[in-house]
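Please read it beside the sequence and the coordinates.

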Amino acid sequence: MTCSDPRPQYDTLEDYPVYPYADLGATYTSASTTFKLWSPAAQAARVHLYADDRPGTEPRESLDMEARDGAWAVSVSGDLDGTYYTYQIKRDGRWLAEATDPYARAAGTNGLRGQVVDLFATDPPGWENDRRPVMGKPTDAVIYELHVRDLSMDPNSGITHKGKFLGLTERGTTTPTGDTTGLDHLIEMGVTHVHLLPSFDFLSVDEARSDSTQYNWGYDPQNYNVPEGSYSTDPSDGKVRIREFKQMVQALHAAGIRVVMDVVYNHTGRTENSSFQLLVPDYFYRFNADGTFSNASGCGNEIASQRPMVRKFIRESVEYWADEYHVDGFRFDLMGIHDIATMNDISETLHGIDPSILLYGEGWTAGDSPLPESQQATKVHTPQLINIAAFSDDVRDALKGSVFDAEERGFVSGATDVAESVRFGIVGATAHPQISYDSVNYSHAPWARQPAQCVNYVSCHDNHTLWDRLQLSNPGDPPRVRESMQRLALATVLTSQGIPFVHAGTEMLRSKGGDENSYQSSDAVNAIKWEKKGQHARTVAYVRDLIALRKAHPAFRIGETALIARHLTFTDAGDDQLIAYRLQNAPGDDWTDIYVVLNGYQTRHRHTLPEGEWRQVVDGDRVDSDGRATDTMSGEVTLGAISTNVFVKKTGSGEN
Ligand code: CA
């Protein structure tokens, strides 16, 4: 068939033949480059080659593509390294607008043109020796959620490459008063995974003005397989952002920290004129019965993940990030928009590459979807997901109150009716004989088959920061008291079963000045203010030491539902402001009897310890895992107001 012949017409999008090979996009060698585009919608297709990435310039060459093996293809001889390109299809007798190859692996400024690159030339020195840091089971992870720009933009960060991927590679940075910042701070905190807000190429920041003050979270995807240009030192040269992203991963790996990417395959930043829509009209999206774009993302469209070539696109995209960039995990934005089969396909592929790759997502949508509810990868369907976790909004809102009502209080801030939802978080949303599921706020059944399917958290980039929230819900309480609430919330997350997740800066009482949706607010609002680290040194140390405690003691990350049921026993009598449980003989832990008491009472509280002699290793203010600073305790003790208390039973044989 020549390029001018009409292609077969299909009755429905579901009739489009699937392309089985893994070579869509531009396949480069120094001798030739082959371009392949899948578009059964097209009557003809062509590729335009450009010498530069400036909008409005004429192509150096335009080539007709031929139908080959179910795709449109053309091979161009010569070394095309650095050449920019676009695709264009003819449909219903007319040529649509040029579009960027959805499979493009590199792009110029603002992602308006793809770029052919020799990927080998993007590897930083030593990249071939880069390895994922050693990782045990998923519940060993301690995730720190971070926006690339937020880490370094503060004038006090001491970081040179402010707002850039390279900002995460700098060591030895400090505030003017000597507190460590940036990567050294992450190392000091002991987190195992840094979860980066969207770092693929998104739409909203003008890369041509990347030195001007612009900010966006980046939940408006443009090129899924290309790093964001504004985080690079030169957005016009596609290789620079690739190399610098790799340098970032390399530096984090060298520091023993894994990298999770926040991925947004549920919608695209553009709708009618997205690359998908211009190259394979309608196929990549879901539609309402009236023919309008459906909008479960709340952003104007939603991706039809259930279609085989969409599923294939997503699968190959995450596979590419894992292979080429050594990314160690993925957080799926609005995962409920994706179908269960696609998520399991992704899981199978990635865990085939490395079983320790961490996968989790938001088990909800932001609006109604035409995808049948039974197929949605929502939280309630987590048991059908294989080795994929969901965020626990149950424990999040139980600890601080609903994110939809800023004045509502939670367990840490004085609520008297949410303790069972906190207990549900403590067991990682698994089945436990002592949980009354009818009393859990949102879930009336366990939704995690294993604790590794539950991500426990109290705050993230969305909504108010925890510190801002506590100010709104508890305006009458002095900062000292609210700081106790902050510590109790974080300590609950860090001592619970499941996977703990901490929003960057929570340990230093991060504030965004009350801005609850700072997705395009300024750096002044969003950046981590490093002076806070010194001002709240006690809480920073508390969180750091709790992370160390968790890492040292397998009892807090048992990892199996049946073992949690066996070794974790609640001993409180269903008190609505005090939660107490024992961790006895947890596998692998030299602490054979641990007693945890979360005091949600806003006053000091008398409490009777279980029989025996105990030493206190955590109180509301500090962690002392040696327990040497306090005397052995027994019987009735006084718990500090709003405090986490961990006791370890003294055994007959000495040290404990
Ligand atoms: Ca961009």
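A pocket is here an open set of grid points, on a 1 Å grid over the protein atoms alone, with protein on both sides within 12 Å along at least five of seven lines. The structure is a predicted model, and its largest pocket, by that definition, has a volume of about 810 Å³. The mean pLDDT of the chain is 96, with 98% of the residues at 70 or more. Residues 1–6 have a pLDDT below 50, although this stretch makes 9 contacts in the model beyond near neighbours in sequence.

**Largest pocket**

- The largest pocket is lined by 31 residues, and those closest to its centre are Trp217, Leu334, Glu362, Ala366 and Asp462.
- Helix H7, which spans residues 393–400, provides the largest share of this lining, namely 3 residues.
- Sorted by class, the lining of the largest pocket holds 13 nonpolar, 9 polar and 9 charged residues.

**Second largest pocket**

- At least two lining residues come from each of strand S1 (25–28) and helix H5 (308–324), and H5 gives the most, with 6 residues.
- The lining of the second largest pocket is made up of 13 nonpolar, 5 polar and 9 charged residues.

**Cavities**

- The model has 5 cavities of 30 Å³ or more, and the largest cavity has a volume of about 100 Å³.
- Residues that line the largest cavity include Leu24, Trp38, Tyr103, Val280, Phe284, Met309 and Phe313, while strand S2 (32–37) and H5 are the elements that give two or more residues to this lining.
- By class, the lining of the largest cavity has 10 nonpolar residues, no polar residues and 2 charged residues.

**Calcium site**

- The calcium ion has as its protein donors Asp201 through OD, Phe202 through its O atom, Glu207 through OE and Glu228 through OE, and these lie 2.2 to 2.3 Å from the ion.
- Along the chain, the donors of the calcium ion follow the spacing D-F-x4-E-x20-E.
- Glu207 sits in the loop between strand S12 (200–202) and strand S13 (221–227), and Glu228 sits in the loop between S13 and helix H3 (238–254), so this pair ties together parts that are 21 residues apart in sequence.
- Glu207 counts as buried because its relative accessibility is 3%, a value under the 20% cut-off.
- Glu228 is likewise buried, with a relative accessible area of 0%.

**Helix H2**

- Helix H2, covering residues 182–189, is mostly covered, as 6 of its 8 residues are buried, and these are Gly182, Leu183, Asp184, His185, Leu186 and Met189.
- The buried residues of H2 pack against several elements, namely strand S10 (143–146), helix H1 (148–152), strand S11 (193–196), H3, helix H12 (531–535) and helix H13 (537–552).
- Just after H2, Gly190 adopts a positive phi of about 85 degrees.

Conventions. Residues are numbered from 1 along each chain as its sequence is written. This is a predicted model: local features need pLDDT of at least 70, side-chain atom pairs count only at pLDDT 80 or more; totals for chains, interfaces and linings use all residues. Side-chain values use heavy atoms; hydrogens and water are left out. Donors are N, O and S atoms within 2.8 Å of the metal (3.2 Å for Na, K and Ca); water is not among the atoms, so sites may look incomplete. Helices (H or I, at least four residues) and strands (E, at least two) are DSSP runs, numbered from the N terminus. Buried means under 20% relative accessible area, exposed over 50%, partly exposed in between (1.4 Å probe, protein chains only). pLDDT is the predictor's confidence in each residue, from 0 to 100. Contact means heavy atoms within 4.5 Å. On a 1 Å grid over the protein atoms alone, a cavity is a set of points where a 1.4 Å probe fits but cannot get out, and a pocket is an open set with protein on both sides within 12 Å along at least five of seven lines; lining residues have an atom within 4 Å of a point. Grid points are joined across faces, edges and corners, and a volume is the space filled by probe spheres set on the points. Ala, Val, Leu, Ile, Met, Phe, Trp, Tyr, Cys and Pro count as nonpolar, Asp, Glu, Lys and Arg as charged, and the others, Gly among them, as polar.
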